[in-house]
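Here is a friendly walk through one protein chain, meant to be read with the model open beside you.

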Amino acid sequence: MAANMYRVGDYVYFENSSSNPYLVRRIEELNKTANGNVEAKVVCLFRRRDISSSLNSLADSNAREFEEESKQPPMTEQQRHQLKHRELFLSRQFESLPATHIRGKCSVTLLNETDILGQYLEKEDCFFYSLVFDPVQKTLLADQGEIRVGCKYQAEIPDRLAEGESDNRNQQKMEMKVWDPDNPLTDRQIDQFLVVARAVGTFARALDCSSSIRQPSLHMSAAAASRDITLFHAMDTLQRNGYDLAKAMATLVPQGGPVLCRDEMEEWSASEAMLFEEALEKYGKDFNDIRQDFLPWKSLASIVQFYYMWKTTDRYIQQKRLKAAEADSKLKQVYIPTYTKPNPNQIISVGSKPGMNGAGFQKGLTCESCHTTQSAQWYAWGPPNMQCRLCASCWIYWKKYGGLKTPTQLEGAARSASEPHSRGHLSRPEAQSLSPYTTSASRAKLLAKNRQTFLLQTTRLTRLARRLCRDVLQPRRAARRPYAPINANAIKAECSIRLPKAAKAPLKIHPLARLPLAAIVKELAAQAPLKPKTPRGTKTPINRNQLSQSRGLAGLGGKRGYEGAAEGHRPPRVGASGVPFSANGRPLAGGLRAGPPPASKRQKLNPADAPNPVVFVATKDTRALRKALTHLELRRAARRPNLPLKVKPGLPLRPGGALAPPPPPHPASTSEPIVLED
C-alpha cells in the first residue's frame, strides 16, 4: 500500500512510450481535473541520452574534475558506463502528466564531494545530479544549491599566541571591531541612548518631505524609526566616540540637522515591492533570476536584505496563510495501483500464442546486453529491421536507467532511430552524400574529401557464415538495401549452431578464374582514348548541350541516349522553327555556339574545392518520352541503365497538323560555351 502511494515531492518514473525508457520526474502538485482524473505537475529531469553530444562532452569533463577533486576509488569501464546511466540533469521546466502513467518511485540526490560514486551502482532506483540543464538555451550549469562540505571549505585556525607574543598579522585585512562589550557604560545608559536615537530618527522623518508622504502619521514614523537600522547607527556612534555619551549625542544631531537612517523597506517603492512578490512567486528564492528578469536596477545585496525584512511584515504572513489554505484544498497524495498490462514489445513465442511481436524473430538470438540465450521473457529492442531483443532483467534495466548494462554500438543505433533529426551532427558534404539526387560516383568523390580510404577484408569464418546462413542473411535482399544494417550477432550465433553439422559435408567452393593485373591494365589502356595534352594557358571550350559521348569503358555509359525502334540511330528531331532538339529536350546547336566567348576568370581547379554533384532536371519532352514507354520497357530500362533506350519515332502533332514548337531553353542553359582553364 505504501509503495503505491505517491506524495508531493516524490521522485517517480513516468512512462510515455512502451519502447523508450521511463521519464524521471519530481511531483510538485497533484490536481484533480473536471472529469475526475488526477494530473501531476512535475519538474523535468533529463538523462544523458536526452542532451546533445557537445553537452555530453561538457558533462564528462565535469565528472573527471569531480573524480580528481574528491579522490574517487578506481572503477572499471563497465562501471563507468553504468554510472553515466545514473546521472541526471535538473531543469526548471514543468509539465503536467496523467498520474496513471506513474510506474514506480526512485531516489534522486544532489552529488556531494563526500559521496562515493560506486555506492550509486549498489542501490536500485538511485540517481544523482550535479548540473542544471536549460532546454531552451541548451546549456549546462552548476547547481547553485551545492553543499560546501570538505577540507577546502574548513576554516584554518591559527596557533594560539603565547603570553607576551606580538601578533604579526596584517591588522588591516582582519575584521573591524564595531562593539566592545567591556565598555564603561551600564545597560541603562545604553538603553537611554537608544531611546534618544529613536526620537531623533522620528524627528528626522518629520522634517523629510519624502518620508512624510510615505509615513503620514506619527505612529508610522515612530515605527520606521524603531527599526534595526536606527539601532545599528546608534551603537556604531557610541563605538566611534569611545562610549562618550555627550560626544555621541552631538554626532546624532550635527549642525545641518538630525541624521536620517533608512533601510531597504523604506527605500523601495510600493510598485517595486509588488514586482518582488511576483518574482518570488515565480522563481522562489533564486535572487539572481529575480534581479535579472524583474529588478535589474537593484543590487543583489539590496534584494536579499529586502527579502528578510519583508518576511517580518504582515504582507508575508497574509500570503503564507493564503498558500496554506490553497495547499489544504489540493491533493496531498494519490494511490496508483501496480501496472500489470503486458508490454507491446514483449515477444510472444509463435508456438504458444500468436502475437505481432513474436513473428519474424529468429531462434538462437542472444540478449544484446548480457548475451544470454535463456530468459523467461524476451522483449523487442532497437530498430525493427535489426531484430534485436533483450532478456527480462536487461529490459527492466533499459526502462529504468535508459541504457544497456554493457557498452554496445547498437545502443547508439537505437537512440538515433528515435531521434527525428539524425543528420544534425553531419557535415555538409556528408549530408549531401545521403541525398537521393546524388549519384554514387559523385558521392564517393564527395566523401573522399573528408575520409581516408579503407579496405574491408573478410575472414574465412565470415565467408562460411554467408553460405551457411543464407536464409538468415538473405544476401540478395541485403544487396538491394545496402543502407539497412545487418545483425551480425544473430548470424554469428546461427553459424555456431550450423557449423558442426555442416562440417561433415564440406562446401564445394569453386575457385574463380581471374585475369592477371597486367592483362586488365592492358585492356583498359586499349579501350580508354588518350587525352591530348593541352598547352598551359590555352582555353578549352566546352558545350553543355552536346550529345553525351562514351568516356572510358564501353560498359560504363554516360547519360542514356535515345534510339529509334527500326534504325540504329535516329536523326535529331526538328521543331517548327527549325531548331534541333537534343536527347534531354534542350536545343542542340551544330558544333560550337555562335558568338564570342565571354571573358572568364583564370581558375585553378582543386579536387577539395570541387562543385556539388550535378542534378539532372527532367524537361517536358523528357517526361513525354517517358509516357511513350510501356511499363515493361520502363522496368527493363531501370534494371539496365547502361544500355541505350529505344523509343517510338514521331512527335505529338497539334490540331492543325504541325509539329509542336520546341520548349523554351532551360533557365540553367546559356548561349555561350563554358571555358575551363588549367
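## Ground rules

This is a predicted model, in which local features need pLDDT of at least 70 and side-chain atom pairs count only at pLDDT 80 or more, while totals for chains, interfaces and linings use all residues. Residues are numbered from 1 along each chain as its sequence is written, and side-chain values use heavy atoms, with hydrogens and water left out.

## The chain as a whole

The protein chain holds 24 helices and 16 strands. Both kinds of element are DSSP runs numbered from the N terminus: helices are H or I with at least four residues, strands are E with at least two. Of the 678 residues, 28% are buried. Here buried means under 20% relative accessible area, exposed means over 50%, and partly exposed lies in between (1.4 Å probe, protein chains only).

The chain exposes about 46800 Å², and carbon and sulfur atoms supply 56% of that area. Accessible areas come from the Shrake-Rupley method with a 1.4 Å probe, and for residues only the protein chains shown count as cover. Among contacts (heavy atoms within 4.5 Å) with a separation of 6 or more, 65% join residues 24 or more positions apart.

Helix H10 covers residues 270–283, and its 14 residues should span 20 Å at 1.5 Å a residue; the end C-alpha atoms are 20 Å apart, which agrees. The expected span is 1.5 Å times one less than the number of residues. Buried in H10 are Glu272, Ala273, Phe276, Glu277, Ala279 and Leu280. Down the axis of H10, these buried residues fall within an arc of 165°, so they line one face of the helix. The arc is that of the directions from the helix axis to the C-beta atoms. An α-helix has 3.6 residues a turn, so residues three or four places apart point the same way.

On the face of H10 turned away from the buried side are the exposed residues Ala270, Met274, Glu281 and Lys282. The buried residues of H10 pack against H9 (264–267), H11 (287–293), H12 (300–310) and H13 (314–329). After H10 comes glycine 284, with a positive phi near 75°.

Helix H12 has its own buried set: Ser302, Ile303, Phe306, Tyr307 and Trp310. Seen down the axis of H12, these residues fall within an arc of 135°, so they line one face of the helix. Their cover includes H9, H10, H11 and H13.

## Aromatic rings

How many aromatic pairs does a search of the whole structure find? There are 19. Rings of Phe, Tyr and Trp (its six-membered ring) pair if their centres lie within 6.5 Å; planes under 30 degrees apart count as stacked, over 60 as edge-to-face and the rest as tilted.

Tyrosine 307 and tyrosine 308 make an edge-to-face pair, 5.0 Å centre to centre with 75° between the planes. Tyrosine 307 is buried, with a relative accessible area of 7%. One aromatic cluster is formed by Trp268, Phe276, Phe287, Phe306, Tyr307, Tyr308, Trp310 and Tyr316.

Two arginines also deserve a look. The charged end of arginine 86 sits over the ring of tyrosine 401, 4.2 Å from its centre, and that of arginine 389 sits over the ring of tryptophan 378, 3.9 Å from its centre. A charge sits over a ring if NZ of Lys or CZ of Arg is within 6 Å of the ring centre and within 35 degrees of the ring normal.

Histidine 371 is not a glycine, yet has a positive phi of about 60°; its place is the loop between strand S10 (346–347) and strand S11 (378–381). Glutamine 474, also not a glycine, has a positive phi of about 55°. Glutamine 474 lies in the loop between helix H19 (470–473) and helix H20 (475–480), and is partly exposed at 36% relative accessible area.

Glutamate 39 is in strand S4 (residues 38–46) and counts as partly exposed at 35% relative accessibility. Glutamate 39 and alanine 99 are 60 residues apart in sequence and 5.3 Å apart in space, C-alpha to C-alpha.
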